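Hi everyone, thanks for having me.

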Amino acid sequence: CPETSMTASSASPISASSKRIGSMRQMRSHSTSTSSSPAKRSLASFASASIGITLFPHDAADAAGLLRNADSAMYRAKEQGRANYQFFTAELNRRAQQRHVLESSLRGAHVRGEYVLHFQPQVCLNSGRLLGAEALLRWRHGERWVPPSEFICVLEETGLIVDLGRWVLRAAMQQVAEWQRTPGVPPFAPALCNAIFAATGK
């Protein structure tokens, strides 16, 4: 059945007393249990809440900081399977800072020429004949090769993957054209569909 998801980010200034935190947990337990039931028996629609909680002044002393922290905690709640709450923590703050640095680096990586295409040959096991090559995107940032699992999702979420995908297609076709002009290289087609972005574990 389709699920209608309702997310909420809580960032209003609240005290960090244990009594207040306990009451919030009770409120969350009640809200998620009631919101998870069907609004009407005849409808296959469910509502759930992913709640991010940040504490004033422990986590931040201004509204902008509180909203930013609650947003991070809310997305963490979504990662945990939705329909739950998460408090903002120092670990979430560290991850948010790392994400900001990574995104900033990705925005200039293409201009700096840091993206590289690696080609993995595809060979027929029976005949040993070269059938094609799988194009794999790699990122060398400074002296470090960044694992695809760290940056592919950021490219997708920020939309940077659209322009980068065009570059990958052009670069792959240029490389194939160069190979075709090389004596002794048989004709073949590169695998570009899922190899560039989806096969991130290779």
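Let me begin with a word we'll need: a pocket here is an open set of grid points where a 1.4 Å probe fits, with protein on both sides within 12 Å along at least five of seven lines. Its volume is the space filled by probe spheres set on those points. The general idea is friendly enough: rolling a probe the size of a water molecule over the atoms shows where empty space is left.

Please keep in mind that what you see is a predicted model. In this model, the largest pocket has a volume of about 850 Å³. Its lining is made up of 31 residues, and those nearest the centre are Arg 95, Ala 96, Gln 97, Arg 99 and His 100. Which element gives the most? That is α3, with twelve residues.

Now let's step back to the whole chain. The protein has five helices and seven strands. Reading from the N terminus, the order is β-α-β-α-β-α-β-β-β-α-α-β. Of the 202 residues, 32% are buried. And if you take contacts between residues at least 6 apart in sequence, 62% of them join residues at least 24 apart.

Next, let's visit a few individual residues. Asn 69 sits in helix α2. Is Asn 69 buried or exposed? Its relative accessibility is 7%, so Asn 69 counts as buried, the cut-off being under 20%. Its side chain reaches the backbone oxygen of Asp 59 at 3.5 Å. If we set aside neighbours within four places in sequence, Asn 69 is in contact with Thr 54, Asp 59, Ala 60 and Phe 88.

Pro 57 is in the loop between β2 (51-53) and α2. The peptide bond leading from Phe 56 to Pro 57 is cis, with omega near 0°.

Over in strand β5 we find Ala 133. Ala 133 has a relative accessible area of 5%, so this residue is buried. Ala 133 and Val 123 are ten residues apart along the chain, and their C-alpha atoms are separated by 8.6 Å.

Last stop, the cysteines. A disulfide is a covalent bond between the sulfur atoms of two cysteines. How many disulfides are there here? The count, taking sulfur atoms within 2.5 Å as the test, comes to zero. Among the cysteines, Cys 124 is partly exposed, with a relative accessible area of 23%. Cys 153 is also partly exposed, at 33% relative accessibility.

How values were computed: Residues are numbered from 1 along each chain as its sequence is written. This is a predicted model: local features need pLDDT of at least 70, side-chain atom pairs count only at pLDDT 80 or more; totals for chains, interfaces and linings use all residues. Side-chain values use heavy atoms; hydrogens and water are left out. Buried means under 20% relative accessible area, exposed over 50%, partly exposed in between (1.4 Å probe, protein chains only). On a 1 Å grid over the protein atoms alone, a cavity is a set of points where a 1.4 Å probe fits but cannot get out, and a pocket is an open set with protein on both sides within 12 Å along at least five of seven lines; lining residues have an atom within 4 Å of a point. Helices (H or I, at least four residues) and strands (E, at least two) are DSSP runs, numbered from the N terminus. A polar contact is a pair of N or O atoms within 3.5 Å; within protein, one must be able to donate a hydrogen and the other to accept it, and residues adjacent in sequence count only if both atoms are side-chain atoms. Contact means heavy atoms within 4.5 Å.
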